[in-house]
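This report is for a reader new to the structure.

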Amino acid sequence: MQGDFHYYATYCAAVLAGYEHERCLAICYSAQLVDYCSRSWLKKVGGPSEAATTQLQLELLDARTDRMGLNDITRIWASFHFLPRDLYAEVGRGSRNYRDKYRLICGPCGELLAETVNLAKGKGDQAAGLAMHVLADTWAHTYFAGTPSLVINNTDQHFFELMPQEDGSFERRRVSFSHNPSAAEDPEKGVYVGSVYQSSENSIMNLGHGRAGHLPDYSFIRYVYQPAWGDYREILKDNPGDYEKAFSQMVYALGFLFGTEETFDKDRCVSDKVAPHLETIRGIIAKRQVDASADWKAFGESLSGEPIPDFDMYAYQDEYRSAGKFAASDTFLGRFFEAALSQKKMVTEKIKESGNRLAGTYRVTKQKDR
Amino acid sequence: MTIVQRVRDIIVGLVMLALALFLLVSEEAAYPAIVAIYTLVLEIAGFRLLWYYLTMARHMVGGLRILFQGAIYVDMGLFTASLINVPQMYILIYLTGTLAFSAVVDLLRARESKGIQSAWKLKAFQGAVKLLIALICLIYMHSPAMVVDVFCAGYIFSALMRIVGAFRRAPVITIS
């Protein structure tokens, strides 16, 4: 998912869950920050490098793909962007390495999602926002794994978009992937940007949905393809339906974190609070556009009656940097870093507990004084 | 390209440079060494691919491609090893053939890159030069000493291109 959903749609979900405006902003800011909190950014703001929740392209270019490097990549991407659905999934074929990778395939409503939401309970708005990022991505990144893997994440030419027709049916249109990162995507012509085929199993080109580029992040798209792991079965990904469920599940989960829901049931993807706005939400989700920020923003402002500022990745930098060594944990970013470290620790330990070696061991090295 | 891959490319490039210079200096003794190294590299690459296919890629959509690649590498390696006892002329023909094949692959990749609006000029230049060298080798095949010199020049060119390529920043598409 992109900024339109992680920032503006999360704001809308927080309003519907009952949060007041300022707390909604804190939640959606934290949800969006997950996509910016790289080691390079942490170095600039003076945060702990272990709290990285993403990796920049330049960082990935130089990332090692030996065992230690792969563990680091997997800890970041599986914890925050590709939460595994079932760490104990039946595989029944292939080597242990294949099984380990297969079990990291992302999907919604898994046990780890419940752990993520429960972990955020009572930990503040930063933890809530971070959990909402993870939750939303489980819907958008379904069928891809947060570890470099050709045998899991590869896509081939059998990739079609289902174009809705006036009579309610769908027409198949082949998706052609350009491999030029600077090229513009053109949904009208069915041209999207994806990574180049690399036969090396652990190439970073084979991380997550890199082979399909940003296509899985678009809310309007419905597509069928043959995932590398799928025994030549064609799989349908219905983003409009999934994004609606993601939004409803966010409202429900935030209700749980706010205190209006007593428990969090990982399989529940509906919320009564969404029903009155369903038509508007469906309209935004189904609109063919690569960035739905303006529509979500307008919807959010109509819900709360308050303006939503644009996302500024350095908004809380001065507060964090000017806080002393011991007061830093009480700042906005300090609480976000704490939430990130907790999430990474929890997911890494769960992966390790399952006998899977791909995330390695969670370890925090002592930070130098800022 | 990761740092490890860059270092690997630089090392391979330096080995190729050393081999070319060795071949230039001592034409007689260099042939068995070249054949042995070619064989070793092809066999290792082939068996690695076959192992990858057996343990993982056979469960992948499109995984047969890996199997075929592995089988071809192993086969080429065995064929290369069999050249150890044939006259040097045939070894030169074989090496020239591999150079020409490599040139065609470079040109096809350049064409593919151009088609997807990616960087293609360096790859096309590399392919064109390799093809030219292979043609010169064929033309002067009756003069082994000349062919060895031209072949070495081609080898040095490939080695330098590999080293230069290791320092280039490659565009990459990732996800967020």
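Glu161(A) has Tyr223(A) as its bridge partner in strand 5 of chain A. Helices (H or I, at least four residues) and strands (E, at least two) are DSSP runs, numbered from the N terminus. The model is predicted: local features need pLDDT of at least 70, side-chain atom pairs count only at pLDDT 80 or more, and totals for chains, interfaces and linings use all residues. Residues are numbered from 1 along each chain as its sequence is written, while chains are lettered from A and ligands numbered from 1 in the order in which they are written.

Another bridge partner in strand 5 of chain A is Tyr225(A), which is paired with Phe159(A). Strand 1 (residues 159-164) and strand 5 (residues 222-225) of chain A run antiparallel and are joined by three bridges. Strand 1 of chain A is also joined to strand 2 of chain A, by five bridges, and these two run antiparallel. Here the bridge partner of Glu161(A) is Arg173(A) in strand 2 of chain A. Strands 1 and 2 of chain A form a hairpin with five residues between them. In the turn, Gly168(A) has a positive phi of about 95°.

## The sheet of chain A

Four strands of chain A form an open sheet in the order 2-1-5-6, with antiparallel pairing. Two strands pair if DSSP finds at least two bridges between them. Strand 2 and strand 6 (235-238) of chain A are the edge strands, each pairing on one side only. On average, neighbouring strands of this sheet are turned by 25° against each other, direction ignored.

Helix 10 (residues 239-258) of chain A lies across strand 5 and strand 6 of chain A, and runs at about 55° to strand 6 of chain A. For such angles, axes are lines fitted to C-alpha atoms, for helices over the stretch in contact, and angles run from 0 to 180 degrees between N-to-C directions. A residue is buried if 20 or more other C-beta atoms lie within 10 Å of its own, exposed if 12 or fewer, and partly exposed in between, with C-beta atoms placed from the backbone.

## Glu171 in strand 2

Glu171(A) belongs to strand 2 (residues 170-174) of chain A, where Met163(A) stands opposite Glu171(A). Glu171(A) is exposed, because 10 other C-beta atoms lie within 10 Å. Leaving out residues up to four places away in sequence, Glu171(A) touches Met163(A) and Gln165(A). Two residues are in contact if their C-beta atoms, placed from the backbone, lie within 7 Å. From Glu171(A) to Cys269(A) there are 98 residues in sequence and 28 Å in space, C-alpha to C-alpha.

## Helices 7 and 8 of chain A

The axes of helix 7 (residues 111-120) and helix 8 (residues 125-140) of chain A come within 8 Å and cross at roughly 165°. The two helices of chain A are therefore roughly antiparallel to each other. Angles under 35 degrees count as roughly parallel, over 145 as roughly antiparallel, 65 to 115 as roughly perpendicular and the rest as oblique.

Helix 7 of chain A contributes Leu113(A), Thr116(A), Val117(A) and Ala120(A) to the contact. Residues from helix 8 of chain A include Ala127(A), Leu130(A), Val134(A) and Thr138(A). The contact residues of these two helices divide into nine nonpolar, two polar and no charged. Ala, Val, Leu, Ile, Met, Phe, Trp, Tyr, Cys and Pro count as nonpolar, Asp, Glu, Lys and Arg as charged, and the others, Gly among them, as polar.

Chain B has six helices and zero strands. Its C-alpha atoms fill a box of roughly 55 × 35 × 25 Å, taken along the principal axes. Of the 176 residues of chain B, 28% count as buried. Among contacts in chain B between residues at least 6 apart in sequence, 63% join residues at least 24 apart.

In chain B, 21 residues are in contact with 41 residues of chain A. Helix 1 (3-25) and helix 2 (27-55) of chain B are the elements that give two or more residues to this side of chain B. The residues on that side divide into 13 nonpolar, eight polar and no charged.
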